Amino acid sequence: MDNVTELVSGRGDWLKSVNSEGGIVISSRIRLARNLGGFHFLSKCSQQDRDEIQALIVGAINSSALGGHFFYVHLDNMGPLERQLLVERHLISRQHAEAEGPRGVALVGDETVALMVNEEDHLRMQVLYGGLQLDKAWQRINQLDDQLEERLEFAFHEQFGYLTACPTNIGTGIRVSVMMHLPALKITGEIERVFRAAKDMHLAVRGLYGEGTEATGDFYQISNQSTLGKTEEEIVEEFRDLVVPRITEYEVQARELLTKQKSTMIEDKVWRAIGMLKYARTISTEETLLLLSHLRMGLNMGMLNDVDLDTINELFLNTQQAHLQIITGQRLDGEQRSKLRADYIRRRLSNHQNN
Amino acid sequence: MLCQKCKKHAATVHLTEILNSEKREKHLCEQCAAQEGLTDKAQQPINQLVAKFVLAQTEAKELSQITCPDCGMSFLQFRNGGLLGCPNDYEVFKQTLVGLLEKAHEGRTQHVGKIPGGRENKHKRQHELMKLRRDLQEAVNLEDYERAAALRDKVKGLEENG
C-alpha cells in the first residue's frame with residue numbers, strides 16, 4: 001500500500017467482527033511499550049538518534065518473519081488529514097499524529113496490528129480485535145514481541161522489568177483496553193457505577209480515542225493502570241473474568257430496567273435517532289455519534305430490524321472528519337462538513353432501505 | 001436504607017466523618033454522592049498522579065539537585081515533564097521513584113511478568129536451581145541419599161553451565 005488514504009475503501013477487522021456480550025464490548029486492544037537498550041528515551045534523543053531507532057526497528061520488522069505482512073508509514077512527511085485518518089481508525093494515538101520529527105507506524109492490511117515507532121516510547125505495539133478477544137490479542141502481541149526481541153535488545157531491569165519513558169508503564173509495559181458501549185447506563189444516570197467500579201479495580205476510563213478524550217456517544221475505553229508486579233496473563237485474566245463481566249452486567253441490568261419500566265421512552269429515543277439520521281440536512285460529529293449510539297442500542301435490544309450493524313459501523317467510521325473529506329475528495333470547513341455528513345448518512349440509510 | 005439527602009434512592013455510598021472528635025455518618029445514593037463530590041467522576045489521569053506525587057516529593061530540596069550523568073535529566077525536569085530521559089534514570093532516581101511506583105502500581109515494585117529471551121534462560125536457571133536445592137534438602141531430610149546424590153550432581157551441572 002503506497003497511500004494510507006486507500007484504507008478508506010475497507011474497514012479494520014475489529015469493526016467487521018461479530019459483536020460479543022450483546023454488542024456491549026466493541027473491541028479488545030492490547031498494547032506493549034518497549035525501548036531499545038543503549039539509547040536515551042525520546043525526550044533526550046537527537047534527531048539522529050530518532051532516525052537510527054526508526055531504522056533499527058523497521059529493519060527488525062522487515063527481516064523477521066513478519067516482514068512481508070507490514071507496510072511502514074512515515075508520519076513526518078504525511079499531511080495532517082492523512083494522519084487524522086489513522087487516528088480515526090485507532091491505528092495511531094492523537095499524540096503520535098500531532099508530534100514532530102522522525103516517527104511512523106508499521107501496519108498490517110487488516111489493521112489488527114499497528115507498531116508505532118518513536119511515540120512516547122521507541123516502540124509501542126498494538127493488537128486490536130473486535131468484541132471480547134483478549135486472549136487472542138495477548139497471544140498475538142506476545143508472539144510479535146518475541147519475534148522482534150530476537151532482533152532488538154529492549155531496555156530491561158531486573159527489578160523494574162521493561163523500562164519505559166513514563167514510570168507508570170514500567171514492568172510489563174502492557175495496557176489492556178476494552179471499548180464498551182454503555183448507552184443504557186448513561187440514560188439511567190448510573191454511569192457513575194462504572195467509574196466507581198473502575199476506581200476500585202485500579203482502572204482508567206477514557207473516551208473513544210484514548211488518553212485525554214471525552215466519552216462521546218456512550219463509548220468508554222476501560223484500561224489497566226498498574227503495569228508492575230503482575231504478570232501479563234494476570235492482567236488479561238482480570239479483564240476477561242472480572243472487569244468486563246461486571247461492567248457488562250451493569251449495562252444489561254440498565255437495559256432490562258429500561259425495557260420494563262421505560263419502554264416508550266427508550267423506543268422513542270431509538271426512533272428519533274433514526275428519524276434525525278434519515279432526514280437531517282446538517283449534522284455535527286458529536287450528534288452523529290450520539291444518534292448512532294442510540295441506533296446501535298436499539299439494534300442490540302431487538303427494537304430494530306431495518307438497519308444492520310455493518311451499516312452502523314460503517315457510518316461510525318466514515319462520518320468522522322478526515323474520513324468524510326477523503327471519501328468525498330473535498331476539503332471543507334466545519335459547516336460544509338456538517339452538510340456533507342448529513343447527505344452521506346441520508347444516502348446510506350435510504351440505500352439500505354431499498355435493498 | 002434510603003439516601004439521607006433525596007430520600008428516594010437506595011443509599012449505596014456510606015461515609016464516616018470525624019469532625020471535632022464527633023462522629024458523623026453519611027448514607028447517600030450514587031447521584032447525591034456524585035453531587036457532593038464524594039465520588040470522583042472524572043478519573044484522575046495517571047500523568048497528573050505522577051505530577052502531583054513527584055511535586056510533593058520534591059519539597060525535599062536536595063532532590064532537585066540530582067542529575068543523571070548519562071542523559072543529563074535533572075529531577076526537576078522529570079517533575080515538570082513526567083517523562084524520564086534514559087534507562088539509567090531508574091537507577092539515579094531510584095529512591096524517589098520507588099515511592100512513586102508504589103502509588104502507581106498498587107504497592108508493587110517488583111516485576112514478575114515477561115522476561116527477554118536471554119535473561120529468561122538465566123532466570124529459568126536460577127529458578128531451576130532453587131527447586132533442585134529444595135528437593136535436595138528434602139531428600140537429605142528423608143535420608144534418601146541415592147536421590148540426594150543425583151540431585152547434587154544436577155545442581156553442580158547447572159551451576160557450572162551458567
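Mentor: In chain A, 18 residues of domain 1 are in contact with 21 residues of domain 2, a contact being two residues whose C-beta atoms, placed from the backbone, lie within 7 Å. Before we go on, keep in mind that this is a predicted model, in which local features need pLDDT of at least 70 and side-chain atom pairs count only at pLDDT 80 or more, while totals for chains, interfaces and linings use all residues. Residues are numbered from 1 along each chain as its sequence is written, and chains are lettered from A and ligands numbered from 1 in the order in which they are written.

The domain assignment of chain A places domain 1 at 4-255 and domain 2 at 263-354; such bounds come from an automatic or database domain assignment. Taken over C-alpha atoms, the centres of domain 1 and domain 2 of chain A are 27 Å apart. On the side of domain 1 that touches domain 2 in chain A, helix 3 (80-88) and helix 6 (183-187) each supply at least two residues. Helices here are DSSP runs of H or I with at least four residues, strands are runs of E with at least two, and both are numbered from the N terminus. Helix 3 of chain A gives the most to that side of domain 1, with four residues. By class, the side of domain 1 of chain A that touches domain 2 of chain A has six nonpolar, eight polar and four charged residues. In this scheme Ala, Val, Leu, Ile, Met, Phe, Trp, Tyr, Cys and Pro are nonpolar, Asp, Glu, Lys and Arg are charged, and the others, Gly among them, are polar.

Now let's follow helix 3 of chain A to its partner. Two packed helices are described by the angle between their axes and the distance between the axes. The axes of helix 3 and helix 12 (residues 321-328) of chain A come within 8 Å and cross at roughly 125°; axes are lines fitted to C-alpha atoms, for helices over the stretch in contact, and angles run from 0 to 180 degrees between N-to-C directions. Helix 3 and helix 12 of chain A are therefore oblique to each other, given that angles under 35 degrees count as roughly parallel, over 145 as roughly antiparallel, 65 to 115 as roughly perpendicular and the rest as oblique. Their crossing in chain A is left-handed, a term for a near helix turned anticlockwise from the far one by less than a right angle, with clockwise giving right-handed.

Which residues do the touching? From helix 3 of chain A come A:Leu81, A:Gln84, A:Leu85 and A:Glu88, and they meet A:Gln321, A:Ala322, A:His323, A:Gln325 and A:Ile326 of helix 12 of chain A. Sorted by class, that contact of helix 3 with helix 12 in chain A has four nonpolar, four polar and one charged residues.

The loops on either side of helix 3 deserve a look too. A:Asn77 sits in the loop between strand 2 (70-74) and helix 3 of chain A. With 8 other C-beta atoms within 10 Å, A:Asn77 is exposed; the cut-offs, with C-beta atoms placed from the backbone, are 20 or more others within 10 Å for buried, 12 or fewer for exposed, and partly exposed in between. A:Asn77 and A:Gly101 are 24 residues apart in sequence and 9.3 Å apart in space, C-alpha to C-alpha. A:His90 is in the loop between helix 3 and helix 4 (94-98) of chain A, and A:His90 counts as buried, with 23 C-beta neighbours inside 10 Å. The phi of A:His90 is near 60°, a positive value in a residue other than glycine.

Helix 9 (residues 263-279) and helix 10 (residues 285-300) of chain A pack at about 130°, with their axes 8 Å apart. That makes helix 9 of chain A oblique to helix 10 of chain A, and the crossing of helix 9 and helix 10 is left-handed. Among the residues making the contact are A:Val270 and A:Ile274 of helix 9 of chain A and A:Leu291 and A:Leu295 of helix 10 of chain A. By class, the contact of helix 9 with helix 10 in chain A has eight nonpolar, two polar and one charged residues.
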